[in-house]
Amino acid sequence: MARNIINIEGVSKAFDIRPLLVDVSLGISEGERIGIVGRNGGGKSTLLKILAGLEEPDAGRVTRANWAKLGSLSQVDSAGAGATVRDVVVGVKKVHEWASDAGVREIFAGLFGGYESSIMDRPFASLSGGEKRRVGIAKLLIQSLDIVLLDEPTNHLDVEGVAWLAKHLRKRRELAVVVITHDRWFLDEVSDSIWEVIDGKVESYEGGYSAYVLAKAERARQAGAEDARRNNLIRKELAWLRRGAPARTSKPKFRVDAANQLISAEPAPRNSAELLNFATNRLGNMVYEIHNAKLSIGETTLIEKLNWNIGPADRIAIVGVNGSGKTTLMRTLAGQYRFSSGKLQTGITVRAAFLSQHLEELNPSWRVLEAVENVALRVDLAGGREISASQLCERLGFDYEGQQKMVRDLSGGEKRRLQLTRLLMDSPNVLLLDEPTNDFDVETLTALEDLLDTYAGVIIVISHDRYFLERVCDRFVGLLGNETLQDLALGIEQYLELRAEMISRSVVSEDRKEISGAAQLRLVKKELAKVEKQLEKVIAQEQELIKEQESASFDHQRLLEVGAKLTEIGKVRSELEDKWLELSGQVKE
């Protein structure tokens, strides 16, 4: 029987006069996998902090098992001044102390691509947001823990990174996991149950995200009193799940016959034929035509020879490794950058809008509704329908109170939503979206997808949010780091398979350069054992010198001599550790 790790009873927590949690009782046992969803600012992170002991409740009791080792990952990745990746992840541990562990090496290979000095000695401050996130995850996963509490672990991770993390957590079944994330694909892959934080309460659902949607729809159907707009969004999710549910998640824990009954009555989430007709009227038959184009930054070639046609109702997802040129390609389509050679033809009616990863500067004295109405008062949708600026704000999560907020008082996620709202109010017929889902909660993402279902134009998206891409886009293209843009008929799964093949071929190619077979392996192991003995001897000598240094604290000349010897032996130890690391990497498990 699984032991209980954390238990909370009658917990309440408020900030100012706003209650976030009201009389909440729940527990977490060994090996449980729990995903937490809810609106931004609704209390998800507060609940996680109370579970971790980082925040005290106003009322109620929190009990943690004394035997359980707990680790947590916050939304912010930070380190001390001058810290390297090695400092953050393994601290003062010697190389042989951590690199001899196959599990640690696997984590470093999965998150960093290796564990060589060139990787481990990089300054933490110089890393990108995604790289810092990987460092934080690595630091957590190499520890021997019983439970991990993860706050937005997939933030800034690319599709491959998210897939690796999900696979790794699935494999470590003994580890209890509690995760806050807006990444619904990740929730489906990792979670056995969902906690929804709503109106100060925590409602529990069995299964991953897909099962949660099905169960929520069933509850709404039985209650018959759900808000009409939210109920419509749930129906859109059901329509989407028709493509693969209820088997979309491996752990639905929901009656299959009931799921099928709920799903079967729902039409497709969008009418593709109708949207194509409207898009053609707005754009004509030609949007972008690219012929023999070369995309470069400085001396670096990103795409060598690009031939690509984009039609009037295309919904395209661009996936690829970091640095492969996704954003540069998007900026080129937006007219902010030019191909090095070749030809780009743009349709004469194209009116493109580009949502970049960087927040646009807005007048801090504006109110939200004012900022949107300064673009337009009304916006046209497909089929001659139109909505007001206020209605669009509401659909993207700004209620009446939110529309009256000053821009200077908005959070990063709210500013992101405002930027997107202003973009849509300008009635573009081509949407270029670079990471549009950053900082959005699940409810806002669902509302955005619902809105894009009625968008009569071209949508081109870069995102690490696999669920969003599969929900919104019909075509997938990939930049695999080999200077080509490849069509992905089978979507992201095909992209991950191609990337795995490329990495495998690279490893095989490297292996072929060396002497193969058991004889070579024996030689490597023999050399490794020799280095280990030398390392043990050097470490023992180093410890003796340290003791000698301490006993000679009042003998200046002796201190200088011992210090010099310590410096020399330190260099020897460093060289041996590097050699040990290189040899251990050649030994196959």
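**Exercise 1.** Which residue in β8 is the bridge partner of glycine 35?

*Solution.* This is a predicted model, in which local features need pLDDT of at least 70, side-chain atom pairs count only at pLDDT 80 or more, and totals for chains, interfaces and linings use all residues. Residues are numbered from 1 along each chain as its sequence is written, and side-chain values use heavy atoms, leaving out hydrogens and water.
- Start with the strands (DSSP runs of E, at least two residues, numbered from the N terminus): four bridges join β3 to β8 (residues 193-198), and the two run parallel.
- Within β8, isoleucine 194 is the bridge partner of glycine 35.

**Exercise 2.** Find out whether strand β3 (residues 33-37) is buried or exposed.

*Solution.* 
- Buried means under 20% relative accessible area, exposed over 50%, and partly exposed in between (1.4 Å probe, protein chains only).
- Five of the five residues of β3 are buried, so the strand is largely enclosed by the rest of the structure.
- In a regular strand, side chains alternate between the two faces of the sheet.
- Here, Arg33, Gly35 and Val37 lie on one side of β3, with Ile34 and Ile36 on the other.

**Exercise 3.** Work out where lysine 201 sits and how it relates to valine 22.

*Solution.* 
- Lysine 201 belongs to strand β9 (residues 201-206).
- With a relative accessible area of 40%, lysine 201 is partly exposed.
- A polar atom of the lysine 201 side chain lies 3.1 Å from the backbone oxygen of valine 22.

Key. A polar contact is a pair of N or O atoms within 3.5 Å; within protein, one must be able to donate a hydrogen and the other to accept it, and residues adjacent in sequence count only if both atoms are side-chain atoms. Two strands pair if DSSP finds at least two bridges between them.
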